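Please keep the sequence and the structure in view while reading the points below.

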Amino acid sequence: MKFNKRAYHLIRLLGGLKFAKFISRKHPKIIMYHRVSENGGVDSVSADSFRKQICIIKNHFNPLTFSQLMKASQEGKVPNNAVVVTIDDGYKDFSEYAWPILMQEDVAATLFITTGFVNRELWLWPDKIKYVLNHSNKRSLYVPFYGELEISENKDEVWHQLANFCLTLENEKKNTLIDWLFDELGVNKPTFPPKFYEALSWDQIRVMVSQGLDIGSHSHSHPILTKLDDTELDFEINKSKQLIFDNLGFEANSFCYPNGTKSDFNSYIKHCIVRGGYDYAIVAYPDLLPLKDPLEINRYPGTQSLSLFEKNVYGLSYIWSDFSRRVIKCIK
Ligand SMILES: [Zn+2]
């Protein structure tokens, strides 16, 4: 069940945000961002919208880092109106846009880094697909086991389709398909990510950690963990922890599942995460009880839209989900 825009504006007009905030005060909201850029885009929030959101968090909520929230949860002392800002992947633009805003507004945040990306060993596979599509002049392409794609039509839509198809493939097959795309579309594949897709450096992260940035692992190469064999899985979990320790000098105790949907991890992966020395793992979708399973901690998606952000952070989404759940239970 979803509630519509008009209902939202009416609720807002009648002071519903304050009411929702009170009702959901014990429901911590962890928000997941990926990129912040000057003007925003398909995969990023604009600096202006991000600043407005951070100011709302600063002025009306209790901002914590993910580590602080986990510590408070362990001690049974989660403060009312807790909000955690998390940013995934470790793109370079974090230091250009998001971190200066977080510093100026004095709002804590946690960055989940893909260590192979930061270590200059690779670039993120969804970006490779985006790059190859944007640099090809071909109009259409037949992708084996997938079908015909009109790539000149809407590149963002085609990117979504191809990325979703890749999520279903074994890791090696996915990499083979991406290499094939470069060959087939006649685009040279840069070894390192072009500027727009670059990662932060360890030096930059060290400086931000000294300024209060909290760090967690987001795997080594951002694969879909359910598509890996045991050796690959252990490598992703352990190598990432090792690199964080070697470069930043502390043990990361939280892990962020790449892609983070329900089908991107399972109980065996949770077991491997614990065996790898992590205490917590975080997903990419919300739940009414976000802290009930330390290896499946829930988040709200970050968004460019201020009204959607308000719905999530003030707890309207929480109240509505709870209400929907009760109605569905009654009907059953
Ligand atoms: Zn990610």
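This is a predicted model: local features need pLDDT of at least 70, side-chain atom pairs count only at pLDDT 80 or more; totals for chains, interfaces and linings use all residues.

A residue is called buried when its relative accessible area is under 20%, exposed when that area is over 50%, and partly exposed in between. By this rule, buried residues make up 50% of the 332 residues in the protein chain.

**Overall form**

- The protein chain contains 14 helices and 12 strands.
- Along its principal axes, the C-alpha trace spans about 55 × 45 × 45 Å.
- A compact globule of 332 residues would have a radius of gyration near 20 Å, and the value of 20 Å for the protein chain therefore agrees with that expectation.
- Of the contacts between residues at least 6 apart in sequence, 70% join residues at least 24 apart.

**Helices H7 and H8**

- Helix H7 covers residues 125-134 and helix H8 covers residues 155-167; their axes come within 10 Å and cross at roughly 140°.
- Because of this angle, H7 is oblique to H8; angles over 145 degrees would count as roughly antiparallel.
- The crossing of H7 and H8 is right-handed.
- On the side of H7, the contact is made by Trp-125, Pro-126, Ile-129, Lys-130, Leu-133 and Asn-134. On the side of H8, the contact is made by Lys-155, Val-158, Trp-159, Leu-162, Ala-163, Cys-166 and Leu-167.
- Sorted by class, this contact of H7 with H8 has 10 nonpolar residues, one polar residue and two charged residues.

**Helices H8 and H9**

- The axes of H8 and helix H9 (residues 171-184) come within 9 Å and cross at roughly 150°.
- This angle makes H8 roughly antiparallel to H9, because angles over 145 degrees are placed in that category.
- The crossing of H8 and H9 is right-handed.
- H8 contributes Leu-162, Phe-165 and Cys-166 to the contact, while H9 contributes Lys-174, Leu-177, Ile-178 and Leu-181.
- By class, the contact of H8 with H9 has six nonpolar residues, no polar residues and one charged residue.
- Leu-162 and Cys-166 of H8 are listed in the contact with H7 and also in the contact with H9.

**Ser-254, a buried residue**

- Ser-254 lies in strand E10, which covers residues 254-256.
- The relative accessible area of Ser-254 is 1%, and the residue therefore counts as buried.
- With neighbours within four places in sequence left aside, Ser-254 is in contact with Phe-66, Phe-112, Ile-215, Gly-216, Ser-217, Tyr-278 and Tyr-280.
- Ser-254 and Val-274 are 20 residues apart along the chain, and their C-alpha atoms are separated by 9.8 Å.

- Most residues other than glycine have a negative phi.
- Asp-106 is not a glycine, yet its phi is positive, at about 55°.
- Asp-106 is found in the loop between helix H5 (93-105) and strand E6 (109-113).
- Asp-106 has a relative accessible area of 67% and is therefore exposed.
- Arg-120 is likewise not a glycine and has a positive phi of about 60°.
- Arg-120 is placed in the loop between helix H6 (115-118) and H7.
- The relative accessibility of Arg-120 is 38%, so this residue counts as partly exposed.

Notes: Residues are numbered from 1 along each chain as its sequence is written. Side-chain values use heavy atoms; hydrogens and water are left out. Axes are lines fitted to C-alpha atoms, for helices over the stretch in contact, and angles run from 0 to 180 degrees between N-to-C directions. Helices (H or I, at least four residues) and strands (E, at least two) are DSSP runs, numbered from the N terminus. Angles under 35 degrees count as roughly parallel, over 145 as roughly antiparallel, 65 to 115 as roughly perpendicular and the rest as oblique. A crossing is left-handed if the near helix is turned anticlockwise from the far one by less than a right angle, and right-handed if clockwise. Contact means heavy atoms within 4.5 Å. Ala, Val, Leu, Ile, Met, Phe, Trp, Tyr, Cys and Pro count as nonpolar, Asp, Glu, Lys and Arg as charged, and the others, Gly among them, as polar. The radius of gyration is taken over C-alpha atoms; the globule rule is 2.2 Å times the number of residues to the power 0.38. Buried means under 20% relative accessible area, exposed over 50%, partly exposed in between (1.4 Å probe, protein chains only).
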